[in-house]
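Here are my notes on this one, written for someone new to reading structures. Have the picture open while you go through the points.

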Amino acid sequence: MLKMQQITEEIVRHVIQPRQQESHKGTFGRVMTIGGNTHFGGAIIMSTSAAVYSGAGLVTCATAPQNFVSLHARLPEAMVVDYQDYAAVAALMPQMDCIVIGPGLGTDATALAVLKFVFSRVQPQQNLIIDGSAITLIATHQLALPHAKLIFTPHQMEWQRLSGIKLPQQTPAQNQRVQQQLGADVIVKAHRTEIYLANSSTVWQNPVGSAAMATGGMGDCLTGILAGFLAQFTQNRGQSILAAIYSHSKISDNLAKQQYVTLPTQIITALPHFMAQMAG
Ligand SMILES: NC(=O)C1=CN([C@@H]2O[C@H](COP(=O)(O)OP(=O)(O)OC[C@H]3O[C@@H](n4cnc5c(N)ncnc54)[C@H](OP(=O)(O)O)[C@@H]3O)[C@@H](O)[C@H]2O)[C@@H](O)CC1
Ligand SMILES: Nc1ncnc2c1ncn2[C@@H]1O[C@H](COP(=O)(O)OP(=O)(O)O)[C@@H](O)[C@H]1O
Ligand SMILES: [Mg+2]
């Protein structure tokens, strides 16, 4: 039986705990973000920044080399690697708790090759967040999915491509049917985002967020928050996913009290303050 439930602030407060003092950067997880071709560098910069600002211990960005300087100018905390340097990517991947693939990846032959390589190397215990162009590539080329903890983050059109369910027919029952076939966590992003968690019949709905979020890069930003939360809050995966989604939108709601539009980069900057409030 399908049950609908709304994410609450209580869940977020439960997930975001004060940091353990006897700790170091390795305690808070390693993240790799993969994407950003020569046109969409901003997407992977926002994803990477969100992972750093949400508290991931070590973050490496695999992207087109043309993006290295702009990424470092904004975010010297992140490390970089050329996403086409497969030997280097392969050497780094096993250390990662969470990998994001897709923001700004594009859908050309280079993107497809990078995606296939990552699918061939990801390990079963790793979280793999699949977003944007990577979802479109899987749908277009009918790629087999790897064995890993998969989290899909499609917007409604990307979900239509992946699931075959036309936008007007995207009901919770239809969405859950395909999500169960995929055996993955699926986050269908919309005005009221729905979350279908693997191994649960509950459909979660995000009650916060507004049209102030309707600006390019907002989903790219969410991938980094999800990665940061999954890398450091490891007690309950499902709850960490729900908390990331709620936090992303709630920060926007807070900013939207005084702003007509809230930018992904502003949400990223506000993450540490918001998380301190939730942990207090
Ligand atoms: N700064 C950067 O580098 C940025 C880079 N980006 C990167 O670009 C890549 C392509 O991603 P994409 O989302 O822009 O394009 P695509 O997959 O064609 O989908 C758009 C189509 O779907 C439709 N649509 C229907 N419902 C929808 C919904 N709820 N939400 C959204 N769309 C909805 C929509 O309808 P329409 O707007 O026509 O009404 C349109 O026809 C990806 O890698 C991404 O990471 C972007 O993040 C921007 C900032
Ligand atoms: N009108 C809206 N109300 C609430 N949330 C929205 C609205 N428009 C966009 N969002 C949120 O912004 C994000 C957009 O993601 P996506 O379409 O992948 O953006 P991009 O690919 O440009 O980064 C999602 O989290 C979505 O829920
Ligand atoms: Mg997107």
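1. Helices (H or I, at least four residues) and strands (E, at least two) are DSSP runs, numbered from the N terminus.

2. Keep in mind that this is a predicted model, where local features need pLDDT of at least 70 and side-chain atom pairs count only at pLDDT 80 or more, while totals for chains, interfaces and linings use all residues. Residues are numbered from 1 along each chain as its sequence is written, and chains are lettered from A and ligands numbered from 1 in the order in which they are written.

3. Now look at helix H2 (residues 41-53) and helix H9 (residues 218-232): their axes (lines fitted to C-alpha atoms over the stretch in contact) are 7 Å apart, at an angle of about 30° (on a scale from 0 to 180 degrees between N-to-C directions). So H2 is roughly parallel to H9 (the word covers angles under 35 degrees). The crossing of H2 past H9 is right-handed.

4. Which residues of H2 meet H9? Among them are Ala43, Met46 and Ala50 of H2, and the H9 side includes Asp220, Gly224 and Ile225 (contact puts C-beta atoms, placed from the backbone, within 7 Å).

5. Ligand 1 has 19 residues around it (C-beta atom, placed from the backbone, within 6 Å), and Gly42, Gly132, His155, Met157 and Gly216 come nearest. H2 and H9 turn up again here: along with helix H6 (132-141) and helix H7 (156-163), each gives the shell at least two residues.

Definitions and conventions:
Angles under 35 degrees count as roughly parallel, over 145 as roughly antiparallel, 65 to 115 as roughly perpendicular and the rest as oblique. A crossing is left-handed if the near helix is turned anticlockwise from the far one by less than a right angle, and right-handed if clockwise. Two residues are in contact if their C-beta atoms, placed from the backbone, lie within 7 Å.
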